[in-house]
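Student: Please take a close look at a single part of this model, then carry on to other places in the chain. One connected answer will do.

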Amino acid sequence: QSENSDKSSAESDSETEVEQVSVYHKLLATLKTSPESESEEEEDESESEEAGESETEMDSEGSQETREADGGEEDKRDVPEQEEATDTAEQTLGQEQAGGADTSCDPSHEVIEEFTDVKHESEFSLETNFMEEESGDCNADLRDSNSSQAFSEDPFKQHMDKELEEKEVEKMSVLPKTSSQSKWPRLGQLTFSSTLEKHKTLKADKEFDVKQLYLHKPLESTWPKVNKQFLSSVNKPSDPSFTPLQRELFCIMNTYRDLFYPERNALTNGEEIRHAYCLHALNHVLKANAQVLSNNAKRRDQKPGTDNGDYRDQGLTRPKVLMIVPFRECALRIVHIFISLLEVNDKRKIDVSNKKRFKGEFGSDPEEKPPNLKRPEDYEAVFAGNIDDHFRIGVAILQKSMRLYAPFYSSDIIIASPLGMRTIIGAEGEKKRDFDFLSSIEILIIDQADIYLMQNWEHVLHLMKHINLLPLDSHGVDFSRVRMLNLNNWSKYYRQTLLFSDLQDPQINSVFNKHCFNYMGQVAVRNVPLSGSISRVVVQLPHVFRRLEAESVTSVIDTRFQFFIDKVLPEYRDAIMSHTLIYVPSYFDYVRLRNYFKKEDLNFTHICEYTKKAGVCRARRFFLKGEKQFLLFTERFHFYKRYTIKGIRNLIFYELPTYSHFYSEICNMMKATDNGVDATWTCTVLYSKYDAQKLAAVVGIDRTAQMLQSKKNVHLFVTGEN
């Protein structure tokens with residue numbers, strides 16, 4: 001394996017990653033073994049007590065990070081409240097696996113230099129192949145249209161051939177965007193924004209023919225077959241190949257506008273969205289490569305001494321599409337969709353290099369997961385298959401064949417996790433770091449963005465800072481073939497960003513608003529929740545929403561802490577208020593509260609995403625029996641484990657949950673306590689005016705408007721479906 005590895009820094013893991021590998025695997029080992037006897041209905045108390053004396057409650061290998069990070073060796077030392085730790089690739093390598101990563105394949109492949117395919121370089125080279133050799137006459141019409149029409153109606157040609165003027169680029173750099181609203185039948189409320197005023201609001205096509213989409217030849221015939229699983233009998237005959245959601249999403253994608261869709265749901269529409277963006281990405285790559293191969297043939301056939309013409313059809317580096325997904329299972333599904341879209345029929349199978357290896361490293365063994373675990377449906381959908389979150393793979397595509405594990409500089413598409421990108425981009429000062437391959441990315445797809453909030457959002461921000469920069473090395477490019485937009489360092493103004501998330505969040509919004517510069521403009525879906533997740537609370541429970549006043553977004557963290565210890569906590573110190581669970585979304589806040597509780601010598605226990613299994617069992621038992629009055633409980637632990645915590649009588653949401661359905665889930669845990677008296681149950685929520693989006697997702701838009709206008713505490717009493 002190692003002798004086949006690409007020796008370039010682009011494909012080799014950093015030396016520090018090898019040094020840190022014991023940390024990484026120690027975390028993985030605890031995660032792989034943790035599900036063995038997780039049944040929360042019957043805890044093996046004897047096992048917990050035996051292990052309890054010897055095992056610490058926190059994984060001592062956890063490293064530190066800024067903001068929502070790891071606080072270090074929790075059981076051995078307190079973390080100072082204001083501690084600022086460097087967020088390097090080495091430190092965060094093990095961290096991201098917290099509570100979630102379960103590599104199905106042998107993780108030892110991370111230790112040695114990662115595999116890249118070097119055997120098929122000439123077969124997949126864009127420089128040495130030609131249109132005729134590549135796909136025969138099936139693309140003759142496309143080649144003819146390229147030569148006969150200077151400006152085609154094809155959205156790909158329109159977008160990539162557009163030559164921006166310097167004054168337009170300057171305008172996009174300094175002027176604010178103008179926006180307009182539109183309502184579409186399936187997507188709902190859309191916000192169109194652009195700096196260049198000439199771009200008008202796009203209207204929804206109620207129906208269209210596949211031929212109007214300018215799909216590359218093989219996709220016209222394969223897409224309807226591949227997408228058939230999502231289609232129902234209600235689809236109109238005139239639109240036989242797209243669902244209503246896919247039709248509207250693809251209508252936007254195909255115009256090369258940026259898109260933010262915050263209603264992706266792993267249970268309902270996740271896979272149909274994945275199919276839609278895979279179609280768009282593959283369509284883009286096939287057209288771009290066909291253009292290069294066609295021009296190769298024209299240059300070859302030119303008579304000596306004639307003018308070479310202007311064949312600017314490439315970027316500074318080959319990768320055109322970057323797809324960011326959270327788990328290996330997602331990458332596996334994407335590659336399977338690509339293969340299906342390229343296979344015209346059963347007789348014409350495409351050649352896929354290293355397919356067996358890919359299946360072994362990205363697939364999963366169905367027998368590995370214990371069958372007796374009871375988890376919500378959405379959990380099962382998100383954490384299906386191989387959930388290792390440290391990976392990256394290059395994919396090269398020519399029409400009849402696909403090369404997996406292509407070196408990045410020979411790839412058309414890169415599929416990676418944020419952590420996989422972070423460890424190759426590296427940090428300033430590191431010897432082995434590389435991000436030149438990101439210089440000419442034309443489509444960036446970030447799927448399931450909400451999950452990165454539970455992993456490490458800093459990795460996403462780090463990626464956005466290193467995309468579409470001028471490369472430090474030429475990497476053998478023929479500058480006579482490079483588009484002027486790339487030479488002018490204007491790539492970011494042509495890059496289309498497709499962002500899919502399960503929820504609206506300020507951090508995700510910030511990436512879309514501050515790191516996307518597409519000259520075509522942006523489209524964001526902005527539907528407001530009419531009824532919040534509070535309507536799904538099935539226990540009779542008084543909900544008290546306590547408003548705190550903060551001067552700014554930056555001061556709200558300290559204001560919330562002070563408000564909690566001054567106004568809220570004193571009401572719960574009395575022994576009568578036992579069985580109090582404090583739900584804390586931010587790990588930074590959790591460490592701060594834990595340190596304060598220790599200093600005040602309060603009777604409490606705590607569970608976070610780094611707590612070992614024995615510590616979790618012990619904390620749950622102490623809390624259920626009332627031996628500990630308080631339980632500090634992190635959102636990331638709930639996200640990765642989804643245990644039912646028994647014994648809750650009083651509930652405090654230190655901050656509104658990131659996922660709105662976690663609110664009703666946590667509240668409904670109260671019904672798991674048989675001996676609880678309904679009348680004594682309480683629920684207190686802290687919020688500020690900066691929590692408007694999260695608040696609307698919990699209580700609905702109408703109540704949110706009232707609560708933000710009023711400065712008084714709000715009391716809601718929910719009885720079942722309310």
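Tutor: Helix H15 (residues 418–425) is mostly covered, with eight of its eight residues buried. Buried stands for under 20% relative accessible area, against over 50% for exposed and partly exposed in between, using a 1.4 Å probe on protein chains only. Helices are DSSP runs of H or I with at least four residues, strands are runs of E with at least two, and both are numbered from the N terminus. The model is predicted, so local features need pLDDT of at least 70 and side-chain atom pairs count only at pLDDT 80 or more, whereas totals for chains, interfaces and linings use all residues. Residues are numbered from 1 along each chain as its sequence is written, and side-chain values use heavy atoms, with hydrogens and water left out.

The buried residues of H15 are Pro418, Leu419, Gly420, Met421, Arg422, Thr423, Ile424 and Ile425. Just after H15, Gly426 has a positive phi of about 70°.

For the setting, the protein chain has 27 helices and 18 strands, and buried residues make up 60% of its 722 residues. Of its contacts (heavy atoms within 4.5 Å) with a separation of 6 or more, 79% join residues 24 or more positions apart.

Leaving aside residues up to four places away in sequence, Val285 touches Val321, Ile397, Asp412 and Ile413. Its C-alpha atom is 9.7 Å from that of Ile443, 158 residues apart along the chain.

Next, a pair of helices. The axes of H17 (residues 457–466) and H20 (residues 506–514) come within 11 Å and cross at roughly 5°. This makes H17 roughly parallel to H20. Axes are lines fitted to C-alpha atoms, for helices over the stretch in contact, with angles from 0 to 180 degrees between N-to-C directions; under 35 degrees counts as roughly parallel, over 145 as roughly antiparallel, 65 to 115 as roughly perpendicular and the rest as oblique. Trp457, Leu461 and Met464 in H17 meet Gln507, Ile508 and Val511 in H20. By class, this contact of H17 with H20 has five nonpolar, one polar and no charged residues. Here Ala, Val, Leu, Ile, Met, Phe, Trp, Tyr, Cys and Pro are nonpolar, Asp, Glu, Lys and Arg charged, and the others, Gly among them, polar.

The structure also holds 33 aromatic pairs. In one of them, the ring centres of Tyr587 and Tyr590 are 5.4 Å apart and the planes stand at 45°, so the pair is tilted. Rings of Phe, Tyr and Trp (its six-membered ring) pair if their centres lie within 6.5 Å; planes under 30 degrees apart are stacked, over 60 edge-to-face and the rest tilted. Tyr587 and Tyr590 are three residues apart in helix H22 (residues 587–599), so about one helical turn separates them. Tyr587 is buried at 2% relative accessible area, and Tyr590 is buried at 0%. Phe597 and Phe630 have ring centres 5.5 Å apart and planes at 75°, so this pair is edge-to-face. Phe597 lies in H22 and Phe630 in strand S15 (residues 630–634), so the pair ties together parts 33 residues apart in sequence.
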